[in-house]
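Subject: Structure handover, disulfides

Hello,

Here is the structure I said I would pass on.

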Amino acid sequence: MISVRLVSFVCLHFATFTLLNCLSVKDQMYANIIADNPCFLRLNGTNQFGCTSSRFGNVGTLHLVKNSTDLNWLFNEGKADPYTVALTPKMFNRDVLQSIELSAKVNGIMLLMSGTEQEVINNNNLQNTGFSPEDTCPNRYSDVNSCPMKPWNPYGTDILLKSWSFPIFVVYDQNTINDIIDCFKNHNLPLNNQNDQSLCALELKSHMYAAVDSKTCLRRTMMSYQNIRPIKFCDPLGDKNVYWSLKELRPNTPDQSIAIVAARLDATSMFQDLAPGALSTATSIVTLMTTANLISEMLSYNDANNFSRNIMFILFNGEAYDYIGSSRMVYDMLDGNFPNDLIKLNQSGIGLFVELSQIHYDKEVVFYRPIKNIASENVINFLNIFNKSLSEDGFSVTDSKNTSIPPSSLHSFLKLDPKFPGIILTGFKNQFKNKFYHSILDDAENIQYGNNSKIPQTIASISTSLSNSLYTFITNSTYAGLKKANSSYVTKLLNCYVKSMNCEVFQSLTSPLHLPDNPPNYYISIDLITNTITSLSRLLFASFGSKIINEVQNEENCLNYRTKQGFMPIWLRGNFNACYSTTSNVTDAVSPAFIIPDYDLSSPKYSTWTESVWHEVQIRMFLRQSFKLQIIIFVLGILIFLFSFIIIKKMYDQSGINFNNEE
């Protein structure tokens with residue numbers, strides 16, 4: 001008979017061995033998936049949008065869906081639910097997602113972006129069908145006009161504006177995609193025998209703390225501050241607007257003496273850190289920056305001081321979310337606080353507002369203007385010069401007769417004044433040409449930016465014509481010089497704003513600081529964080545026509561240097577490596593809804609968008625045992641449990657012998 005001491009020794013030795021090797025056992029059970037881009041939760045004053053997992057993650061049997069046949073099998077014959085579905089780009093659309101949600105068989109989704117971007121587009125025919133998760137009329141509830149019969153974004157699917165009941169991840173890493181497919185083929189096929197075998201499964205974890213709407217979420221956050229350990233559930237969306245003027249802005253600005261050239265600085269998508277916004281955003285930014293650089297060369301600071309008029313270039317942030325940046329500018333103007341409480345620029349000082357939107361690679365420009373400002377003298381003069389210059393360069397210039405104006409920052413100003421002298425210069429007529437608006441596919445391939453690309457020359461021509469028109473606005477005379485926008489400079493800017501922030505132009509302003517070697521993420525994020533591209537854009541503005549401050553020799557003294565009103569000191573690194581006095585600056589791009597006391601967040605007047613807080617994002621792949629094996633393990637567990645009682649009873653009966661207590 002085996003002694004109790006021997007049994008105790010074996011059990012203790014086994015327990016020690018198990019504890020020492022628990023980490024390796026865990027690593028053998030789970031394989032971590034490289035997936036840092038989940039669909040996350042955003043909220044406004046009335047609803048929530050996006051995705052979240054359960055608190056401890058969603059687990060499901062892996063099923064690869066490449067076509068409708070795979071999807072039909074899942075709905076009609078799949079017995080190993082819940083499932084986690086791996087979709088190819090072709091199958092990632094509104095109809096498929098809705099049918100998956102209605103089936104109640106799916107616990108999570110992964111979008112497999114295999115191959116290069118262009119291969120994904122071509123192989124799945126997305127170039128023809130398009131893929132835009134946005135609304136067909138973006139910002140439809142914050143525009144001054146209703147959605148036209150032909151919606152602006154015909155490729156819109158509203159996926160971005162729906163609350164999904166399961167987590168969704170996008171996976172780019174090719175090795176990871178191969179591992180997922182191999183696991184499915186090796187363990188989950190044949191499909192008709194899944195209940196008798198161990199199956200490849202996935203655990204998707206992306207739990208979002210927020211829920212219901214912004215009003216509820218912020219109220220819960222405020223209530224939690226009464227606790228010892230407060231919890232934040234969500235944050236308002238926000239960042240900074242970036243502006244630069246040809247000369248300093250001054251108090252008591254004369255009426256109609258400022259021309260504003262604007263573009264949006266943000267884009268969005270379903271997935272964290274993936275908002276490339278090439279055609280949605282970047283081409284317009286590059287056109288604006290090229291124009292600002294050229295006009296600073298055509299008209300120096302000293303020359304501009306001879307005229308009463310001025311030009312302001314501004315990049316609005318958060319425009320994808322009910323015009324956060326532009327509505328804040330209008331609010332600050334009415335409050336006498338734009339760009340600050342000393343200068344106090346107001347609406348009457350703006351004589352011309354030109355917005356750049358989705359500048360295309362085709363040699364075509366369409367301009368929109370509200371019907372009530374058609375008779376504006378500044379607008380008419382600007383368009384005459386602009387049209388003549390571009391037409392001579394072989395462009396097709398069209399005056400849109402559409403009674404509505406497309407989604408744009410101009411809407412924020414038209415709410416203030418229907419006769420506001422605004423124009424929108426676009427690359428589309430009546431409907432977006434961009435088939436991937438606010439999509440993860442709106443990248444360099446979408447604007448056909450590569451070798452022998454036409455877009456640098458297109459942007460250079462538009463910038464030259466725009467600069468000539470602005471020169472006339474300032475001087476009331478025609479530009480007679482030879483300066484033109486350089487397509488090679490445009491190419492350098494496109495490299496920065498479309499391909500990689502670790503580019504020649506940005507390095508010349510920041511070296512030796514290391515910049516991310518990836519395309520900018522144009523998502524506005526939360527108001528506690530300043531986006532990298534926002535800061536870099538301000539530095540780029542500061543390099544245009546700024547004056548060096550010779551008496552300052554280091555960065556610390558530069559930050560504390562007191563310039564005259566309308567200027568700011570800024571230290572430029574890299575090739576500049578000096579302190580400069582610049583008109584480049586930032587203003588808040590946070591919705592007035594979050595600074596007005598007791599504002600009703602259900603009101604549509606101002607943007608009320610917030611972003612959920614989350615703790616952990618993770619995907620793990622493992623083998624889920626077959627039903628038969630689970631029964632065997634359960635029975636063995638009960639037997640071991642009963643056997644442990646026998647051992648304990650035996651040890652208790654012999655405790656007087658084995659554990660003799662001596663005085």
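Is Cys-200 buried or exposed? Cys-200 counts as buried, because its relative accessibility is 0% and the cut-off for buried is under 20%. Please keep in mind that this is a predicted model.

The partner of Cys-200 is Cys-183, with an S to S distance of 2.0 Å. The link between them is right-handed, at 115° about the S-S bond. Distant parts of the chain are connected here: Cys-183 sits in helix H7 (residues 174-187) and Cys-200 in strand E8 (residues 199-205), 17 residues apart. Cys-183 is buried as well, with a relative accessible area of 11%.

In total the structure has 6 disulfides. Counting bonded cysteines along the chain, they pair as 1-2, 3-4, 5-6, 7-8, 9-10, 11-12.

Two others I looked at:

- Cys-217 and Cys-234 are joined with their sulfur atoms 2.0 Å apart. This pair links helix H8 (residues 214-224), which holds Cys-217, to strand E9 (residues 234-236), which holds Cys-234, across 17 residues. Both cysteines are buried.
- Cys-558 and Cys-579 form a disulfide with sulfur atoms 2.1 Å apart. The torsion about the S-S bond is about 75°, so this disulfide is right-handed. Cys-558 lies in helix H18 (residues 555-559) and Cys-579 in strand E19 (residues 578-582), so parts 21 residues apart in sequence are tied together. Cys-558 is buried at 0% relative accessibility, and Cys-579 is buried with a relative accessible area of 0%.

Regards

Conventions
Residues numbered from 1 in each chain as written. Predicted model: local features only at pLDDT ≥ 70, side-chain atom pairs only at ≥ 80, totals over all residues. Heavy atoms only, no water. Disulfide = S-S within 2.5 Å. Helix = DSSP H or I, 4+ residues; strand = E, 2+ residues; numbered from the N terminus. Buried < 20%, exposed > 50% of the residue type's maximum accessible area, 1.4 Å probe, protein only.
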